[in-house]
Amino acid sequence: MMLQGLSEKLQGVFANLKKKGKLSEKDVKEAMREVRVALLEADVNFQVVKKFIKTVREKSTGQEILNSLTPGQQVIKIVRDELQELMGGQNEGLNLNTHPAPIMLVGLQGAGKTTMSVKLAKKLSQDNKKVLLVAADIYRPAAIKQLESMAEQQEIDLFQLGTNNSPVDICKAAMEHAKKYGHDILIFDTAGRLHVDDKLMDELDDIQQATSPCETLLVVDAMTGQDAVNVAQNFNDKLGISGVVLTKLDGDTRGGAAISIKAVTGAPIKYIGTGEKVENLEVFHPDRMASRILGMGDVLSLIEKAEQSIDADKAKELQEKMKNQQFTFDDFIEQLQQIKKMGSLDQILGMIPGLPSKKLKGLSADEGDLVKIEAIIKSMTKEERVNPSIINGSRRKRIALGSGTKVQDVNRLLKQFEQMKKMMKQFGSMEKNLSNKKGGF
Ligand code: GDP
């Protein structure tokens, strides 16, 4: 889970605070000292941390807080609200007020621009926009090829003029093309460099002047920590950016950039990249992120993910089967696959409220279990999947052999499946009782 280290530490601090019935000014001071260390360790900008702690401490040591019935909870709420404020308050979405609307992606080489331009194009086309990707990085011929192949895979239109025209001319020609063919949005994948340099900035400035983009989004790599913030400040000074896209917030990223960037540059984070795949894109919501960091979960993002990835008709069908106890191993595997489509187990669990992030480490190992379960079910015959009661000793042995697992694994899965069916039966009758009481709707 992103920002796991910080999340764990803050949850530790607040668990102690909540235990205390009454808080003294000293307790708050002590807790804030720990929060400060946790933020610095997560690579949050020093000045940002200083100001944050000062604000929280002032708000938390007021008598109305300390004398309230739940001082610990109140302090946590103050921290949550301040974290949200720090990260930009509310996500304002993209400003797409011209037609066609050009979006310019800028950033250093390797930050994830090309990947992000395809992710964004895909997302916007899912919102029924006609999107044109524009290959404006003429210095790395491989960049055009990469964009071309990703665009083709995702069935997004691409505009390119090879490497013999200037980036400004390419973008201008792309605007004409978009007008002619009715594209709503253009995404310019511009060139990067290893470091910020004047020539690059001049070129990007020329594109900006010539096309008046609705959004100039800076793509930065979250793994570079404080450097990401410096790069953002540099681009903002020279170019004026309208927002930031933070990539590589998956894995072990300490993630401090997510917390510092808005405060340092004034530019809000609009999206985050959480993996190499095209679907690993999330809209950045400061409020939800603050809740996630403090272990309060992010149910809204979870629901959105489920809506995007889970086929509603299939879900309904499954529900009916569960109610009527016709649920088979075939359905089970289908359900597993739907869950997997939502993202890694790790990412999904991170959004569930009340699951302390420490527990996630143990749970994420279960990804291997999912693979095992799938292999076992796939080794069953059609008949066995529908009617598991016929799976006797010799069948169990065969299934274990076929799936590269042990007989105990097969036994465990069969047992779990039986338990699940029993539980569904109970749910089914519970629901019936309830709907009878409510007058049967
Ligand atoms: P560009 O030079 O800025 O266009 O960067 P690319 O789009 O080519 O990305 C550089 C590398 O980062 C590629 O290997 C991508 O697969 C990888 N990458 C991009 N976004 C993410 C992300 O959100 N998470 C992870 N783990 N890798 C990413």
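Biologist: Which residues of α3 meet α5?
Modeller: On the α3 side they are Val48, Phe52, Thr55, Val56, Lys59 and Ser60, and on the α5 side Val75, Ile78, Val79, Glu82 and Leu86. Keep in mind that the model is predicted.

Biologist: What makes these residues count as being in contact?
Modeller: The cut-off is 7 Å between C-beta atoms placed from the backbone, so pairs within that distance count. By class, the contact of α3 with α5 has 7 nonpolar, 2 polar and 2 charged residues.

Biologist: How is the packing of two helices described?
Modeller: By the angle between their axes and the distance between the axes. Here α3 (residues 46-60) and α5 (residues 71-86) pack at about 145°, with axes 10 Å apart. The crossing of α3 with α5 is right-handed.

Biologist: And the sheet: in what order do its strands lie?
Modeller: The order is β3-β2-β4-β1-β5-β6-β7-β8, 8 strands in an open sheet with mixed pairing.

Biologist: Why are β3 and β8 said to stand at the edges?
Modeller: Each has a single partner strand, so one side of β3 (157-159) and one side of β8 (281-283) lack a neighbour in the sheet.

Biologist: How do you know that β1 and β4 pair?
Modeller: Pairing needs at least two bridges. Strands β1 (residues 101-106) and β4 (residues 185-190) have 5 bridges, in the parallel sense, so they pass. Met104 stands opposite Phe188 in β4.

Biologist: Which strands does helix α7 lie across?
Modeller: Helix α7 (residues 141-154) lies across β2, β3 and β4, at about 165° to β2.

Definitions and conventions:
Residues numbered from 1 in each chain as written. Predicted model: local features only at pLDDT ≥ 70, side-chain atom pairs only at ≥ 80, totals over all residues. Helix = DSSP H or I, 4+ residues; strand = E, 2+ residues; numbered from the N terminus. Contact = placed C-beta atoms within 7 Å. Axes fitted to C-alpha atoms, helices over the stretch in contact; angles between N-to-C directions. Left-handed = near helix turned anticlockwise from the far one by under 90°. Nonpolar A, V, L, I, M, F, W, Y, C, P; charged D, E, K, R; others polar.
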